[in-house]
Structure formats: structure tokens, C-alpha cells
Amino acid sequence: MFLLDIIAPKKCIKCEKIGNYLCKTCLEEIWYHEDICYVCKQKSQNFKTHWYCENEHTYFKQILILTHNKNFDIKYLIKQAKFHHKFEIFDDFAKYLVTLLQNNLDTPKSQIILIPAPMFFLKKLWRWYNQAEILTKKIAKYWNYEYNSKIIKKIKHTKPQSHLSKVDRIINLQNTFKINLWELEKYKNHTFVIVDDVISTWTTFVEISKILKKHW
């Protein structure tokens, strides 16, 4: 990797500054999501769920978004990492996500477990990798946190969520995830942080959080 960086150094896709595929300055110029509660969609500090929004159908406390994936440069970088094996791009995203997590999570480091959004095994076999797992490993590396990809499994193939209506998204993911109770038992009194490369809907996070909350 060091030799490759000398021969073909990484350059920012926007300003061509050497060092990153997207430098911090250019990342900050891209439109960010406003901090909102995912239930009511109203402003909320650090994307936390308002206490008055919580009910039996609220499954997670907070969601953190690095930047908007509809931005042309972000969309290009994600496609390069996701479909063209340029995993070094996830190095940059992981470093920025570490800062985001450190600035917004109150939970002690020792009580946090990172969980990558799972991929159906046949799809992973066809692609050879799960990009969410790669991103999670890189975050764990830079943050020195524990991650576990065995707690949640995806047990059936589903259609892409972004192509479906709100109702169809829920139906599409019903009975899709299965929990490994033996792995879960290792982490009593821990906080789980689910990691994915793109959030096009909330449904995947809701379904994963729902099954974790059910058994915890």
C-alpha cells in the first residue's frame, strides 16, 4: 500500500489535494443532513430520538449520517468502492465516521459493539464481500472498538429497498434477519452500533434493531 501511494497517490476527487479520495475540507462543503429525530423527522440534537417520540415501535435511539449519498461525488466514490473493489475509499469514510461517532456517542468505549448490516450469503458469495463489513472493520481498526458480524444474519434474498414503496419495503424485509443468541449472550449491557454504507430507507435499520431489542 505504501509503494502504491508513492506511485499513484490518492487525490481528492474535488480539489485534487493529495492524501485522500475526499479531503476533509471538501467533505464539509457537501450538504449534510440536518440533525433530526428519525420518528418525527423534526430537529433533534445529534440525531437522537425525542423522549416523547419513543414508544413500543421505537427500536433504536439514534442514527448518524456522514453526508448525503445523492451528492454526485459521494455517489461516485461509493460506486467505486462498492462495485469496483476500491476499498481504500472506505478508509477515508471510516476515519470521518470515527470522528462522527466520537463526537456524538455518550456510551463508554468498552460497551460498544459494531455490527455490519448483513448480506445474504449467496449475494456475498457472488460479490465475494460485504461492503458494510469492510467499512465496519475499518472503523473498528481506527477506533480500536470491537465488532461482530455473527450476531445478525440475513437468511433470505430480498429486492433492493430503494426500488420499493414504503409498505413494500416493510413486507420485503419481514422474517429476513435471524439472530445468533449464543453470540448475543457475550454482550450483556452493551450498546450495538449498526453500520452500513448507504441508507436509502430506514427499514433495514428498523428491522435489525427490532430483532436485537426483542432478544435483549
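Phe 121 is located in helix α5. The model described here is predicted, and in it Phe 121 has a relative accessibility of 54%, so this residue counts as exposed, the threshold for that class being over 50%. Phe 121 also belongs to a nonpolar surface patch, which it forms with Leu 122 and Leu 125. Together, the three residues of this patch have about 340 Å² of accessible area.

## Helix α3 and its cover

Helix α3 comprises the 12 residues 72–83. At 1.5 Å a residue, a helix with this number of residues should span 16 Å; the end C-alpha atoms of α3 are 16 Å apart, and the two values therefore agree. At the start of the helix, the backbone nitrogen of Asp 73 has a side-chain oxygen of Asn 71 within 2.9 Å. After α3 comes His 85, with a positive phi near 60°.

The buried residues of α3 are Asp 73, Ile 74, Leu 77, Ile 78, Gln 80, Ala 81 and Lys 82. In an α-helix there are 3.6 residues a turn, so residues three or four places apart point the same way. The elements that cover the buried residues of α3 include α4 (88–104), α5 (121–127) and α6 (131–143).

## Asp 91 in helix α4

Asp 91 lies in helix α4. Its relative accessibility is 12%, and Asp 91 therefore counts as buried, since that class requires a value under 20%. Leaving out residues up to four places away in sequence, Asp 91 touches Lys 138 and Tyr 142. With Tyr 142 there is also a polar contact between the side chains, at 3.3 Å.

## Thr 136 in helix α6

Helix α6 contains Thr 136, which counts as buried because its relative accessibility is 0%. When neighbours within four places in sequence are set aside, the residues in contact with Thr 136 are Leu 114, Ile 115, Pro 116, Tyr 147 and Val 195.

## Lys 178 in strand β4

Strand β4 (residues 177–179) includes Lys 178. With a relative accessibility of 52%, Lys 178 counts as exposed. Not counting residues up to four places away in sequence, Lys 178 touches Ile 151, Ile 152, Lys 153, Ile 155 and Ile 211. Asn 148 is 30 residues from Lys 178 along the chain, and the C-alpha atoms of these two residues are separated by 14 Å.

Technical notes: Residues numbered from 1 in each chain as written. Predicted model: local features only at pLDDT ≥ 70, side-chain atom pairs only at ≥ 80, totals over all residues. Heavy atoms only, no water. Helix = DSSP H or I, 4+ residues; strand = E, 2+ residues; numbered from the N terminus. Expected span 1.5 Å × (residues − 1). Buried < 20%, exposed > 50% of the residue type's maximum accessible area, 1.4 Å probe, protein only. Contact = heavy atoms within 4.5 Å. Polar contact = N/O pair within 3.5 Å; in protein donor to acceptor, adjacent residues only side chain to side chain. Patch = residues over 30% accessible without salt bridge, like charges linked within 9 Å, V, L, I, M, F, W, Y side chains within 5 Å. Areas by Shrake-Rupley, 256 points an atom, 1.4 Å probe, with all protein chains shown as cover. Salt bridge = Lys/Arg side-chain N within 4 Å of Asp/Glu carboxyl O.
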